[in-house]
Amino acid sequence: MGKNQFVAALDQGTTSNRFIIFNREGRIVALDQKEHKQIFPQPGWVEHDPVEIWQNACAVMRGALSKAGLAGSDLAAIGITNQRETTVLWDKHTGKPFTNAIVWQCTRTDAICRQLAADGGQDRFREKTGLPVATYFSGPKIRWILDNVPEARVAVQKGHALFGTMESWIIWQLTGGPAGGVHVTDVTNASRTLLMNLRTLQWDEEILQTLGIPPRILPRIVPSSDSGMWGATAKDGPLGAAVPVCGALGDQQAALVGQACFESGEAKNTYGTGCFLLLNTGTTPVASHHGLLTTVGYQLAGQPAVYCLEGSIAITGALVQWLRDNLGLIAAAGDIQALAETVKDNGGVYFVPAFSGLFAPHWRSDARGVIAGLTRFAGKGHIARAALEATAYQTCDIVEAMNLDSGVPLSRLKVDGGMVANELLMQFQSDMLNVPVIRPQVSETTALGAAYAAGLAVGFWSGTDALRSNWAVDKVWQPAMAPGQREACYRHWKKAVERTFGWLD
């Protein structure tokens, strides 16, 4: 095998790190994966250990290369994709984080967000950022660390603290860490901080002042696929070679690219820990009036940014994990389908998993989870089925808002992520949306998108047409539910959602 025949991506996810090596056809050559600890210091708080994540990242890089019988020098480039909004502050001289990373699901910034909203409403920064004020985003998390971690506050004053979302942390470590690591963030991740102006693609001075965040701790904003290259991996690092690091995308935007949704009007939905539906709206940001986010989809070197409308759901796959870990209802996540299939319908049971409030289109941090419609008839099969259906119903809420915002009704949905293996869920999703649901042959579209971004930057792929020709259908589900039944199911779901509101005073 000649050198540089492959491109790889590190997928720094919410629950694990994966390193996947792809060939020119966008097919997987090797994959290695390692889970990291989920840390819950108190109700509503979620943390990760950034050092553990970096060590695991190194382990999976070595693991995938070893499985493929390849050396780091066989890679033409490496891309990073990451759980978005998760926030880390570290010391640039030692590489030591000041505290655990605050995860996107964490609600500890609720008081900060309420204070920000009291002074101009939940939408006070939406015109500039495309985002509501919510615990989800990184800006308030930085503020929380500065308010609550004295060591970080002192380091910021002295000028040796750096902030990053997870791709910034990984890129900095990969390119040398304290010995000259590159401090960058790509436009998609920057667009999730509540600190970047969507139109200028730069940090917004006014918002930084409002939040009291000094600009010097922030990374430089770069395109998602950057032929200027940010740096190369350190030769004594996990790849054992100098490999260009030149692609980065937040995980949901990476899936959009991996699904080859390059035309305005194309959409994809990723079913992971949470669920994220992105609709390509072209090179102009479209403001949402129905609770969606306006976000950067991707930016290729030397080209304008492409924007998206996004619907974010906090808890989908995580609900299946909860049934497994907290209730012991199933032994493994994959068992949920068999349990749900022991009953013919949900038996009137609806499960709204507002464990950390509700994200789009409701944005209610005061909501908490409910199981509604329980009778003596209901059994664990009904609860399992209601948990799966919750994912499909939450997606319907997003699509309804998206159709209103974009004025273009969704005609088909490309899907990816861990839950697309669940045939029961995919059929129910098609039934409820009343459109075909399409699963591609490569379901690892998140890592693939990051690999594409890196490969485009070094000319491994000639352009987006080459990526489009790699995309192939695996399976299509067609809607098969009577309209009256669909309407009745959805009406009950909406009633159940209303029951979650205002649980926290």
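Trainee: How many residues of helix H6 are buried?

Mentor: Helix H6, residues 166-174, is mostly covered, with 9 of its 9 residues buried, where buried means under 20% relative accessible area, exposed means over 50% and partly exposed lies in between, using a 1.4 Å probe and protein chains only. The helix and strand labels are DSSP runs numbered from the N terminus, with helices being H or I runs of at least four residues and strands being E runs of at least two. This is a predicted model, in which local features need pLDDT of at least 70 and side-chain atom pairs count only at pLDDT 80 or more, whereas totals for chains, interfaces and linings use all residues. Residues are numbered from 1 along each chain as its sequence is written, and side-chain values use heavy atoms, leaving out hydrogens and water.

Trainee: Which residues of H6 are buried, then?

Mentor: The buried residues in H6 include Trp169, Ile170, Ile171 and Trp172, and Glu167 and Gln173 are also among them. Gly176, which follows H6, has a positive phi near 130 degrees.

Trainee: What about positive phi in a residue other than glycine?

Mentor: Leu201 is one such case, with phi near 60 degrees; Leu201 sits in the loop between E10 and strand E11 (202-203) and is buried at 13% relative accessibility. Ala260 is another residue other than glycine with a positive phi, near 55 degrees, and is placed in the loop between H9 and E15, where its relative accessible area of 2% makes it buried.

Trainee: And where is the cis peptide bond?

Mentor: The bond from Ala360 to Pro361 is cis, with omega near -5 degrees, and Pro361 belongs to the loop between strand E19 (350-352) and strand E20 (370-372).

Trainee: Switching to helix packing, at what angle do H4 and H5 pack?

Mentor: Helix H4 (residues 138-148) and helix H5 (residues 150-158) pack at about 100 degrees, and their axes are 5 Å apart; axes here are lines fitted to C-alpha atoms, for helices over the stretch in contact, and angles run from 0 to 180 degrees between N-to-C directions. H4 and H5 are therefore roughly perpendicular to each other, given that 65 to 115 degrees counts as roughly perpendicular, under 35 as roughly parallel, over 145 as roughly antiparallel and the rest as oblique. Their contact, meaning heavy atoms within 4.5 Å, is made by Ile145, Leu146, Asp147 and Asn148 of H4 and by Pro150, Ala152, Arg153 and Val156 of H5.

Trainee: How do H12 and H16 pack?

Mentor: Helix H12 (residues 380-406) and helix H16 (residues 483-500) pack at about 90 degrees with axes 11 Å apart, so this pair is also roughly perpendicular. On H12 the contact uses Ala390, Tyr393, Gln394, Cys396, Asp397 and Glu400, and on H16 it uses Cys489, Tyr490, Trp493 and Lys494. These residues divide into 6 nonpolar, 1 polar and 3 charged, counting Ala, Val, Leu, Ile, Met, Phe, Trp, Tyr, Cys and Pro as nonpolar, Asp, Glu, Lys and Arg as charged, and the others, Gly among them, as polar.

Trainee: Next, how much space lies in the largest pocket?

Mentor: About 940 Å³, where a volume is the space filled by probe spheres set on grid points joined across faces, edges and corners. On a 1 Å grid over the protein atoms alone, a pocket is an open set of points with protein on both sides within 12 Å along at least five of seven lines, and lining residues have an atom within 4 Å of a point. Of the 41 residues that line the largest pocket, Tyr271, Gly272, Thr273, Gly417 and Gly418 are the closest to its centre. Helix H10 gives the most to this lining, with 5 residues, and by class the lining has 12 nonpolar, 20 polar and 9 charged residues.

Trainee: Which residues are closest to the centre of the second largest pocket?

Mentor: The second largest pocket holds about 710 Å³ of space, and of its 25 lining residues, Phe40, Val46, Gln105, Ile315 and Phe355 are the closest to the centre. The largest share of that lining, 5 residues, comes from H10.

Trainee: Last one: is Trp461 buried or exposed?

Mentor: Trp461 is buried, at 4% relative accessibility, and lies in the loop between H14 and helix H15 (464-470). Not counting residues up to four places away in sequence, Trp461 touches residues including Val7, Asn23, Arg24, Tyr452 and Leu467. The C-alpha atoms of Trp461 and Glu25 are separated by 9.6 Å, although these two residues are 436 residues apart along the chain.

Key. On a 1 Å grid over the protein atoms alone, a cavity is a set of points where a 1.4 Å probe fits but cannot get out, and a pocket is an open set with protein on both sides within 12 Å along at least five of seven lines; lining residues have an atom within 4 Å of a point.
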